[in-house]
Amino acid sequence: MAEHTSSSITIEAAPAEVMGVIADFARYPEWTGEVKEAEVLSRDAAGRAEQVRLLLDAGAIKDDHTLAYTWTGDDEVGWTLVKSQMLRSLDGSYRLAPLAGGTRTEVTYRLTVDVKIPMLGMIKRKAEKVIIDRALAGLKKRVESTTGA
């Protein structure tokens, strides 16, 4: 089983506001540096994205991939890779935990990536950590700028 990398951050907003930004895939290019295009391909009965195509440009890594999303209540979303040019697997999740009576949120991001090109495990985990840290920082900035925190 592949090892995963995880990290957490506290955001000055309620969990529902944080999840609202996470679920708004069309706006990912506005706040994530690597996502250049995001297209929801299908939605579940509740209207949440089930499959999303993402066009990534992270310098040396450019990829067009599709992810399948699974929503667990209002506080967790996970994803798995459906297809990709560069990746063998991509599994991750955001888990939200309310803090301070629900006025703040601890967001934990977990990620496991397996690329098609050979890469040392320690380099891969470092790359995962960079991806997670950038994603959490971008999410925090986006949520707090839209909520006025």
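Ala23 sits in helix α1, which spans residues 15-23. The model discussed here is predicted.

Q: Why is Ala23 called partly exposed?
A: The relative accessible area of Ala23 is 33%. Buried requires under 20%, and exposed requires over 50%. The value for Ala23 lies in between, so Ala23 is partly exposed.

Q: How far apart are Ala23 and Arg48 in sequence and in space?
A: In sequence, 25 residues separate Ala23 and Arg48. In space, their C-alpha atoms are 7.3 Å apart.

Q: What is the order of elements in the protein chain?
A: The chain has three helices and seven strands. Starting at the N terminus, they run β-α-α-β-β-β-β-β-β-α.

Q: What makes Ala100 count as exposed?
A: Its relative accessibility is 51%. The exposed class begins over 50%, so Ala100 belongs there. Ala100 is in the loop between β6 and β7. Its phi is positive, about 50°, although Ala100 is not a glycine.

Q: Why is Glu144 called buried?
A: Glu144 has a relative accessible area of 16%. The limit for buried is under 20%, so Glu144 qualifies. Glu144 lies in helix α3, residues 121-147.

Q: What makes the pairing of Glu144 with Lys140 a polar contact?
A: The contact joins the two side chains at 2.9 Å. The cut-off is within 3.5 Å for a pair of N or O atoms, one able to donate a hydrogen and the other to accept it. The Glu144-Lys140 pair is therefore listed as a polar contact.

Now the aromatic rings.

Q: How many aromatic pairs are there by this rule?
A: The count comes to eight.

Q: Why is the pair of Trp79 and Tyr94 called tilted?
A: The ring centres of Trp79 and Tyr94 are 5.5 Å apart, and the planes stand at 55°. Pairing needs centres within 6.5 Å; stacked means planes under 30 degrees apart, edge-to-face over 60.

Q: What makes the pair of Tyr94 and Tyr109 tilted?
A: The ring centres of Tyr94 and Tyr109 are 4.7 Å apart, with planes at 50°. Tyr94 lies in strand β6 and Tyr109 in strand β7 (residues 104-115), so the pair ties together parts 15 residues apart in sequence. Tyr109 is buried, at 7% relative accessible area.

Q: Which residues do ring pairs link into a cluster?
A: They are Phe25, Tyr28, Trp31, Tyr69, Trp71, Trp79, Tyr94 and Tyr109.

Q: Which members of the largest nonpolar core touch the most other members?
A: The core has 35 residues, and Val18, Ile22, Tyr69, Tyr94, Val107 and Leu139 touch the most other members. Leaving aside residues up to four places away in sequence, Val18 touches Ile11, Ala13, Leu96, Thr105, Val107, Leu139 and Val143.

Key: Residues are numbered from 1 along each chain as its sequence is written. This is a predicted model: local features need pLDDT of at least 70, side-chain atom pairs count only at pLDDT 80 or more; totals for chains, interfaces and linings use all residues. Side-chain values use heavy atoms; hydrogens and water are left out. A nonpolar core is a set of buried Ala, Val, Leu, Ile, Met, Phe, Trp, Tyr and Cys residues joined through side-chain atoms within 4.5 Å. Buried means under 20% relative accessible area, exposed over 50%, partly exposed in between (1.4 Å probe, protein chains only). Contact means heavy atoms within 4.5 Å. Helices (H or I, at least four residues) and strands (E, at least two) are DSSP runs, numbered from the N terminus. Rings of Phe, Tyr and Trp (its six-membered ring) pair if their centres lie within 6.5 Å; planes under 30 degrees apart count as stacked, over 60 as edge-to-face and the rest as tilted.
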